[in-house]
Amino acid sequence: MTVPHSRPTLDDADVRAVVEVLRSHQIAQGQKVREFEEALAAYIGVRAGAAVSSGTAALHLALLALNVGRGHQVILPSYVCPALLNAVNAVGAEPVLADVNPRTFNLAADSVAERVTSATRAIVVPHHFGQAADMAAMTQFGVPVVEDCAQAVGSRWEGRPVGALGTVSVFSFYATKVMTTGEGGMVLSNFVDIIDRVRDLRDYDRAETYRPRFNYKMTDFQAALGLTQLSKLPGFLQRRKSIAETYHEAFAGLPVELPRPVPPADHIYYRYVIKVDNHLDRLLAASHAEGVDCQKPVFKPLHYYLRLAGHPNTERVYRQALSVPIYPGLRDEGVDYVARQMRTTLARFGN
Ligand SMILES: *Cc1c(COP(=O)(O)O)cnc(C)c1O
């Protein structure tokens, strides 16, 4: 048996919805995109949404819509994928990397506090691996907060859905995210003027005045897939929690740190990330030999790319974090196989 690290979860209803749009010949951005925007905004509980072509495009346009640009600083974690850094650089602002809380993998409030200056124009706050970040802390600086919900749609902070707690929020619907449109993204906000600016910036045509604009539009057949995926989201989240329970039980008693949510944060287990004390690379190789595709959940921290020192918690979790396959489409046989193999492998390496 080989269990991939991640897979989309698609069924016949998804296929039918896409085919129906293709047969209609109205395939580019249109009514389905509008419906998808309204449906996700309603699900999260915010006033407005604008669909775009990727999570990266969503971050780029969210920063532009907040008027972030040259001479401004944007705070983001080092322990995250480069999409965030790309978006900050795309608007010409200076990226300022902060450290994470080693327990939650989310931005550490004290590290952010040390980096806030009069030039700080935004803090990009990912809800990493599906666990909500400390939004009470992140919103205390008087700086606009961009919630990055790419890994956390459906997660909650103090019982409230993430994506409704900052100034603006961004989502990704890449193939293996919580829900998918193949590629795709969304910007949500209670500030309708921000969403109006995103709508203006994602489409270069039919504008009265000129400014640099983009082609970041979503297609109607992607939006149709987004709508069927969203209708299945409650089931997806339930399945992720149930797989996580199986792993919690299987790995209990091993000297590894399991991903337990820290209240009032909820965790939807977009990733099931455990921390091991030693031998991460040998553990990864052993898991692959056993047919379980475990991965480092962050390929490389951003401060390594930028050749910066510091960020001790990021360095520690980077050496320790091991992501075990979890997705709604993983069947019970696969879950049991992963649980059994990984329990043995972790024990064998003294972790
Ligand atoms: C995937 C991801 C992105 C980027 O989304 P794309 O759709 O791949 O551009 C941004 N932030 C986080 C936290 C992600 O996981």
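Analyst: A polar contact is a pair of N or O atoms within 3.5 Å, and within protein one must be able to donate a hydrogen and the other to accept it. The model discussed here is a predicted one.

User: Which side chain is joined to that of Lys 232 by a polar contact of 2.9 Å?

Analyst: Lys 232 is found in helix 8. Leaving aside neighbours within four places in sequence, Lys 232 is in contact with Thr 9, Asp 11 and Asp 14. The polar contact of 2.9 Å links the side chain of Lys 232 to that of Asp 11.

User: How far apart are the C-alpha atoms of Lys 232 and Thr 9?

Analyst: Thr 9 is one of the residues in contact with Lys 232. Along the chain the two are 223 residues apart, yet the separation of their C-alpha atoms is 9.8 Å.

User: How many disulfides does a search of the whole structure find?

Analyst: A disulfide requires two cysteine sulfur atoms within 2.5 Å. The sulfur of Cys 149 has its closest cysteine sulfur in Cys 81, 14 Å away, which is too far for a bond. The search of the whole structure accordingly gives a count of disulfides of 0.

User: Is Cys 149 buried or exposed?

Analyst: A residue counts as buried under 20% relative accessible area. Cys 81 has a value of 40% and is therefore partly exposed. For Cys 149 the relative accessible area is 1%, so this residue is buried.

User: Which residue has a backbone N or O atom 2.7 Å from an oxygen atom of the ligand?

Analyst: The residues surrounding the ligand include Ser 54, Gly 55, Thr 56, Cys 81, Gln 151 and Lys 177. Gln 151 places a side-chain N or O atom 2.9 Å from a ligand oxygen atom, and a polar side-chain atom of Lys 177 is 3.0 Å from an oxygen atom of the ligand. The backbone atom at 2.7 Å belongs to Gly 55.

User: What distance separates the end C-alpha atoms of helix 12?

Analyst: Helix 12 comprises 17 residues, 332–348.

User: Which strands do the buried residues of helix 12 pack against?

Analyst: The buried residues of helix 12 include Val 335, Tyr 337, Val 338, Gln 341 and Met 342. Their packing partners include helix 8 (220–251) and helix 9 (280–289). The strands they pack against are strand 10 (272–275) and strand 11 (321–324).

User: Which residues does Gln 341 touch, not counting residues up to four places away in sequence?

Analyst: Gln 341 lies in helix 12. Its relative accessible area is 18%, and Gln 341 is therefore buried. Beyond its sequence neighbours up to four places away, Gln 341 touches Glu 290 and Val 292.

User: What is the separation of the C-alpha atoms of Val 292 and Pro 4?

Analyst: Val 292 lies in the loop between helix 9 and helix 10 (302–305) and is buried, with a relative accessible area of 1%. Among the residues that Val 292 touches are Val 3, Tyr 337, Val 338 and Met 342. Pro 4 is 288 residues from Val 292 along the chain, and their C-alpha atoms are separated by 6.7 Å.

How values were computed:
Residues are numbered from 1 along each chain as its sequence is written. This is a predicted model: local features need pLDDT of at least 70, side-chain atom pairs count only at pLDDT 80 or more; totals for chains, interfaces and linings use all residues. Side-chain values use heavy atoms; hydrogens and water are left out. Helices (H or I, at least four residues) and strands (E, at least two) are DSSP runs, numbered from the N terminus. The expected span of a helix is 1.5 Å times one less than its number of residues. Buried means under 20% relative accessible area, exposed over 50%, partly exposed in between (1.4 Å probe, protein chains only). Contact means heavy atoms within 4.5 Å. A residue is near a molecule or strand if one of its heavy atoms lies within 4 Å of it.
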